[in-house]
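Biologist: Please take one part of this model and look at it closely. I would like a single connected account, with the cut-offs behind each term.

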Amino acid sequence: MDFTWDQNQVQKFDEMWTSGISLLQIGKELGRDPDEVMMLAVDRIKKRCIGKRPGGALGAMA
């Protein structure tokens, strides 16, 4: 697993998260393992960079 992310990937993640895209789909779009995406989500939530959304972690589009 690779838990390093560049700024562009983090920004794209934030946009997709806010749009309600599922973690699985975010992983596909970014070419990342879903577990890596989940860890980024946890980090971003703890830092208050992203918030709650419809559908929770799965997203509104799951």
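Modeller: Helix H1 has 12 residues, which at 1.5 Å a residue should span 16 Å, and its end C-alpha atoms are 17 Å apart, so the two agree. The expected span is 1.5 Å times one less than the number of residues. Helices here are DSSP runs (H or I, at least four residues), numbered from the N terminus. The model is predicted: local features need pLDDT of at least 70, side-chain atom pairs count only at pLDDT 80 or more, and totals for chains, interfaces and linings use all residues. Residues are numbered from 1 along each chain as its sequence is written, and side-chain values use heavy atoms, with hydrogens and water left out.

Within H1, the buried residues are Gln9, Val10, Phe13, Asp14, Met16 and Trp17. Buried means under 20% relative accessible area (1.4 Å probe, protein chains only). An α-helix has 3.6 residues a turn, so residues three or four places apart point the same way. The buried residues of H1 pack against H2 and helix H3 (34–46).

One of these residues is aspartate 14, which counts as buried because its relative accessibility is 16%. Leaving aside neighbours within four places in sequence, aspartate 14 is in contact with Arg44 and Ile50, where contact means heavy atoms within 4.5 Å. Arginine 44 is found in helix H3 and, at 14% relative accessibility, also counts as buried. With neighbours within four places again left out, arginine 44 touches Val10, Phe13, Asp14, Cys49 and Ile50.

Just after H1, glycine 20 takes a positive phi of about 90 degrees. Glycine 20 is in the loop between H1 (7–18) and H2 (23–30), and is buried at a relative accessible area of 5%. Its C-alpha is 4.9 Å from that of alanine 60, although glycine 20 and alanine 60 are 40 residues apart in sequence.

Leu23, Leu24, Ile26 and Gly27 of H2 meet Pro34, Val37, Met38 and Ala41 of H3.

Methods. Helix = DSSP H or I, 4+ residues; strand = E, 2+ residues; numbered from the N terminus. Buried < 20%, exposed > 50% of the residue type's maximum accessible area, 1.4 Å probe, protein only.
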